[in-house]
Amino acid sequence: MDQTTTKPMRADARRNRDAIITAARQVFEQGGTLAPIDGIATAAGVGNATLYRNFPTREDLLAAVMAESFHAALRDSRDLEELPADEALAEWMFRVTWQLRIWQNLPTCIAGAIGDDDSPVSSVCAGLTERTGEFLERARSDGSATDAASAEDVFELLTTLSWGVDRFGDDQDRARARVRLGTAGLFSGAARPAQR
């Protein structure tokens, strides 16, 4: 029997980790995900050793910030289960696209991580892909979505669309229209849901 247990994080260590994630989010918001991370430790009020002890690589840090941001999106997606399957899928795809556009170059980082099982960013994206698959399968079951693409294909498409949303400076209405156009082929003919 495996006796390995994970020790709970000390309160001060947890505060340091949370401060680093908060500072990193601010850096990513201001300069994109490829911004220099040298100042993150200073902004968090910790030393570089503490930063790298918690997050040895940029990908580790990015994954932690992403996980915190996407947790709410996954939680809030429960409200979509009350909608018809096609509308739920359409709204979920918009929400994912809108969320992925939050930091400049995030789509580039995701594209580089997809398929790399050792990437912490890929691990975070797996949760979004799995949820995408649930909405996609539900829409397929009632005949409103085609079998043209896998959940992985759809997530990659949404990542691509998020790049356009970011680069063209879309507001939510324009982003919704872009997602609607870009994902039209996933729906079965006249079953395409009306724009919300």
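Q: Which residues of helix 4 are buried?
A: The model is a predicted one, in which local features need pLDDT of at least 70 and side-chain atom pairs count only at pLDDT 80 or more, while totals for chains, interfaces and linings use all residues. Residues are numbered from 1 along each chain as its sequence is written, and side-chain values use heavy atoms, with hydrogens and water left out. Taking buried to mean under 20% relative accessible area (1.4 Å probe, protein chains only), and helices to be DSSP runs of H or I with at least four residues, numbered from the N terminus, the buried residues of helix 4 are L61, L62, A63, A64, V65, M66, S69, F70 and A73.

Q: Is D142 buried or partly exposed?
A: D142 lies in the loop between helix 7 (120–141) and helix 8 (151–167). Partly exposed covers the range between buried, under 20%, and exposed, over 50%; because its relative accessibility is 48%, D142 counts as partly exposed.

Q: How far apart in space are D142 and P84, C-alpha to C-alpha?
A: In sequence, D142 and P84 are separated by 58 residues. In space, their C-alpha to C-alpha distance is 9.3 Å.

Key: Helices (H or I, at least four residues) and strands (E, at least two) are DSSP runs, numbered from the N terminus.
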